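I opened my notebook and the structure viewer side by side. My entries follow the order in which I looked things up.

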Amino acid sequence: MADQPTSGGGSQPSKPPPWNDPAVRSIVFQVLALVVLGWFFWTILNNTLANMERRGISTGFAFLDRAAGFGILMSLIPYDESNSYGRTFVVGLLNTVLVAFLGIILATVLGFVLGVARLSNNWVIAKLATVYVEVVRNIPLLLQIFFWYIAVLQALPGIRQSITVGDAFYLNNRGFFFPKPIFGDGFGLVWIALIVAVAAIVCLRKWARQRLDRTGQLFPVIYVSIGLIIGLPLLAFLAMGAPLSFEFAELQRFRLAGGASVIPELMALLWALTMYTAAFIAEIVRAGILAVSHGQTEASRALGLKNSQTLQLVVIPQAMRVIIPPLTSQYLNLTKNSSLATAIGYPDLVAVFMGTTLNQTGQAVEIVAMTMAVYLTISLLISLVMNIYNRRMALVER
Amino acid sequence: MDEAAASQDNGSDGIIRMIDVNKWFGEFHVLKNINLNVGAGERIVICGPSGSGKSTVIRCINRLEEHQRGRIIVDGVELTNDLKHIEQIRREVGMCFQHFNLFPHLTVLDNLCLAPQYVRKVPRAEAEETAMMYLERVQIPEQADKFPGQLSGGQQQRVAIARSLCMSPKIMLFDEPTSALDPEMIKEVLDTMIELAETGMTMLVVTHEMGFAKTVANRVIFMDGGEVIEVNEPNEFFDNPQHDRTQLFLSQILAH
Ligand SMILES: Nc1ncnc2c1ncn2[C@@H]1O[C@H](COP(=O)(O)OP(=O)(O)OP(=O)(O)O)[C@@H](O)[C@H]1O
Ligand SMILES: [Mg+2]
């Protein structure tokens, strides 16, 4: 900095003393902060390691290979007591990802519907949405999880008195049971047809866009898309001779055998997370739409655009800019809140790995570190995806 | 409302006809028995004190505001709750706002092409050609690929005028198009509007720019308290105002 080439020499302002130079100051403060932080973590780590040594617990990740010896209520991959602690980690991780993924999708849909409903001209709809938002977001999430789990799902009848639809679907205090699809030979073609349909729709949209530019004709993309996504797989399905059967759950003396089921812990957690987060998303969506000035709507209408076109072409693209950043933090909140699963015994990562596995092994440092790393990774991934999306929206703007 | 009122109206072949129009905002009576007949190609300037209902009058013409009593007939189509009629009229009536209201997420060119493409179903290439033609007419073709936020106020207002013109409207409404602009930009916008007037466009302009009114207007309308107080040909209006309230208003805007 100091030896920049100067023509006038004498006009160069004198360099401030280092303690007044903002660049030097900022470096000094950053180094100081890092030192303090490093010392803090070093002390904690040292302490814990010393504690573990005193209790005769060896450090390291060798425990992951040892047999776990406990059962888990629900698992997306085959698991039994003879499997390793490492596998309990994967089971817990998948259960967390499942509830977070479904929760984000459902909360987004419900949140957008509620947000738009709050702005509706229909008095009843607007008021209902308002009451929903005000009630749901002001009750602690843990309370809501308990409410759905204990007051609603546990209060359902027992297995023998199941609420049933046509002896195929059963609802009772053990969960929701439904026929399990058994995919026969040749069902793969249906999946392929589905992929082809999606690819076709992407091409169709491009083509329709170009045709609009070329001829000014609008093409009914939505209807044709719906036709494709249903029609193609259906055609493949029929062509292969309908290779699909169902295994029905069967009511036995004390249990329902076979079929597929969703445990009540998952239903309660997912439902509570969805409803709670949707209330916040609704507010974000409403604020986003309101942030687009009324003048934009008026200009669009004055040009002759229909209300639906105004919403789609003018209001929503501008509202999304405002919506996406706070929406991202709601997704992160939902993911982290899913760890309240412990309270009702849904076997998520925290309940299984930081709960049972930690109790049995005592490997606190490794387990806490692994669990934190998982949440950090999921959060960073969500942020990354949303940032890419946001960048794309922003790029269209400026 | 009734046929008698319609037939009493002189020259019932006007491109805009307002007959005994009344409007309320809740309890507040904003427009009181407005009667207005605008012939094709006529240029009308509306002035009056703040809150007198000038904006409301012209916003009723393209249904940004709804009138509660009386009739408004634009280019032979009566404004009712019928969405078809409203859409038909909005296609023929362009509007420029005080704060431009360009779409900030679209380039200047896309701002201009949006309505022709989606409302008039014009092919993109043709819409772009028309857009460039009007951008040249308002003298900023080089700004086509910029975003509205990157333009000066005067340029934005000229883009807004071009955007309306791209729909080939028969009538143009202006609501104080220069009052959000710095003095040095006012002239460029007024020049654009004068040029537009020379093409024979029917124009309704809410403005206090007296120079513009004198050069362009066929008639000046003075409003106060939701009523039309005085209508006159511009020189007569400014030099020899008939009504007390008009005199007071003119002395106030001439004072500075
Ligand atoms: N949406 C609305 N709701 C209630 N009152 C309104 C509304 N819009 C306008 N008004 C009132 O109606 C009156 C006329 O408003 P208008 O905007 O037509 O006045 P204006 O003559 O254009 O004034 P200005 O020169 O300040 O633009 C004002 O008193 C205003 O407060
Ligand atoms: Mg006004």
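**Entry 1: ground rules**

I noted that this is a predicted model, where local features need pLDDT of at least 70, side-chain atom pairs count only at pLDDT 80 or more, and totals for chains, interfaces and linings use all residues. Residues are numbered from 1 along each chain as its sequence is written, chains are lettered from A and ligands numbered from 1 in the order in which they are written, and side-chain values use heavy atoms, with hydrogens and water left out.

**Entry 2: the sheet of chain B**

I wrote down what counts as an element: helices (H or I, at least four residues) and strands (E, at least two) are DSSP runs, numbered from the N terminus. Two strands pair if DSSP finds at least two bridges between them.

In chain B I found an open sheet of four strands, in the order β2-β1-β4-β5, with antiparallel pairing. Which strands stand at the edges? They are β2 (28-38) and β5 (77-78) of chain B; each has a single partner strand, so one side of each is left without a neighbour in the sheet. As background, strands of a sheet pair through backbone hydrogen bonds.

I then went through the pairs. Seven bridges join β1(B) to β2(B). B:Ile16 stands opposite B:Val38 in β2(B). The two strands β1(B) and β2(B) form a hairpin with two residues between them. In that turn, B:Gly26 has a positive phi of about 65°. At the other end of the order, β4 (residues 69-74) and β5 of chain B pair over two bridges. There B:Ile73 has B:Glu78 as its bridge partner.

**Entry 3: the largest pocket**

On a 1 Å grid over the protein atoms alone, a pocket is an open set of points where a 1.4 Å probe fits, with protein on both sides within 12 Å along at least five of seven lines; lining residues have an atom within 4 Å of a point. A volume is the space filled by probe spheres set on the points, which are joined across faces, edges and corners.

The largest pocket has a volume of about 1600 Å³. It has 34 lining residues, and the closest to its centre are A:Arg205, A:Arg209, A:Gln312, A:Leu313 and B:Tyr118. The largest share, six residues, comes from α9(A).

I counted 20 lining residues, with A:Leu119, A:Ile289, A:Arg301, A:Leu311 and A:Val315 nearest the centre. Here α9(A) gives the most, eight residues.

**Entry 4: domains and a loop**

Chain A is divided into domain 1 (19-54), domain 2 (85-178 + 262-393) and domain 3 (180-247). The bounds come from an automatic or database domain assignment. The C-alpha centres of domains 2 and 3 of chain A lie 29 Å apart.

Last, I looked up A:Arg160. Its place is in the loop between α4 (141-153) and β1 (163-165) of chain A. Leaving aside neighbours within four places in sequence, A:Arg160 is in contact (heavy atoms within 4.5 Å) with A:Gln252 and A:Arg253.
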